[in-house]
Amino acid sequence: MSAAKRFSCPVHIWLKLVEHVLVADFREKDSLLVKLLVELGVEPVFANLSVGDYLVSNTVAIERKTPADLVSSILDGRFFDQLDRLKQAYPHNVLLVTGSLSEALSRAPNPGIVYSRLALACLRGTSIVVLGSEAEAAQFVKWLVKEAKKSWEGFEPMIKRKPKN
């Protein structure tokens, strides 16, 4: 069985991941986040991703949402469908919200709906990162790519804890 099959990732995308580390959905091509990533030295390759907006490795995917998209996906029922499909395809997934959460809460008929859905997403295994700007999101993705690449190369932590006696 090929590695691409084991990780639910088409072969052509898996090969791009091996070579370039970050794959972005082609719909993200003109986004500010991609422009900022390129300025930071992270140049994604583009592919038609069936789930997620970015693949950081063959096991880590990012679904990016603005506050407005977060609320609309919660209210129209797409939220858990998207996260469930992401979780089925990649063992580690990140919901990256770029913008003010208070903005998202102001768009919801009841802020408790947003909080409860985010809490349930965490309990279902999704990591949630809320950053105030695209520049902060670009820094986060850059470091996520770096850390994922280190783990691919068998990187050992620089700081090791002393064993408890």
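Helices here are DSSP runs of H or I with at least four residues, numbered from the N terminus. The model shown in every view is predicted.

**View 1. Ser 73 sits in helix H4.** Ser 73 is buried, because its relative accessible area is 0% and the cut-off for buried is under 20%. Leaving aside neighbours within four places in sequence, Ser 73 is in contact with Lys 65, Arg 78, Phe 79 and Gln 82. Lys 65 is likewise buried, at 2% relative accessibility. Arg 78 is partly exposed, with a relative accessible area of 30%.

**View 2. Helix H4 packs against helix H7.** H4 covers residues 67-75, and H7 covers residues 111-123. Their axes are 10 Å apart and form an angle of about 85°. H4 is therefore roughly perpendicular to H7. From H4, the contact uses Leu 70, Val 71 and Ile 74. From H7, Ile 113, Val 114, Arg 117 and Leu 118 take part. Six of these contact residues are nonpolar, one is charged and none is polar.

**View 3. Arg 64 and Glu 28 form a salt bridge.** The structure holds nine salt bridges. In the pair shown, the closest N and O atoms of Arg 64 and Glu 28 are 2.9 Å apart. The pair links distant parts of the chain, 36 residues apart. Arg 64 belongs to strand S4 (residues 60-65). Glu 28 lies in the loop between strand S1 (23-25) and helix H3 (32-39). Both Arg 64 and Glu 28 are buried.

**View 4. Glu 63 pairs with Lys 65 in a salt bridge.** Side chains of opposite charge can pair when their charged atoms come close. Between the side chains of Glu 63 and Lys 65, the N to O distance is 3.6 Å. Glu 63 counts as buried because its relative accessibility is 9%. Lys 65 counts as buried too, at 2%.

**View 5. Arg 78 and Asp 69 meet in a salt bridge within a network.** The side chains of Arg 78 and Asp 69 meet at 3.3 Å, N to O. Asp 69 counts as partly exposed because its relative accessibility is 25%. Arg 78 is partly exposed as well, at 30%. Salt bridges that share partners join Glu 63, Lys 65, Asp 69, Asp 76 and Arg 78 into one network.

Key. Residues are numbered from 1 along each chain as its sequence is written. This is a predicted model: local features need pLDDT of at least 70, side-chain atom pairs count only at pLDDT 80 or more; totals for chains, interfaces and linings use all residues. Side-chain values use heavy atoms; hydrogens and water are left out. Axes are lines fitted to C-alpha atoms, for helices over the stretch in contact, and angles run from 0 to 180 degrees between N-to-C directions. Helices (H or I, at least four residues) and strands (E, at least two) are DSSP runs, numbered from the N terminus. Angles under 35 degrees count as roughly parallel, over 145 as roughly antiparallel, 65 to 115 as roughly perpendicular and the rest as oblique. Contact means heavy atoms within 4.5 Å. Ala, Val, Leu, Ile, Met, Phe, Trp, Tyr, Cys and Pro count as nonpolar, Asp, Glu, Lys and Arg as charged, and the others, Gly among them, as polar. A salt bridge is a side-chain nitrogen of Lys or Arg within 4 Å of a carboxyl oxygen of Asp or Glu. Buried means under 20% relative accessible area, exposed over 50%, partly exposed in between (1.4 Å probe, protein chains only).
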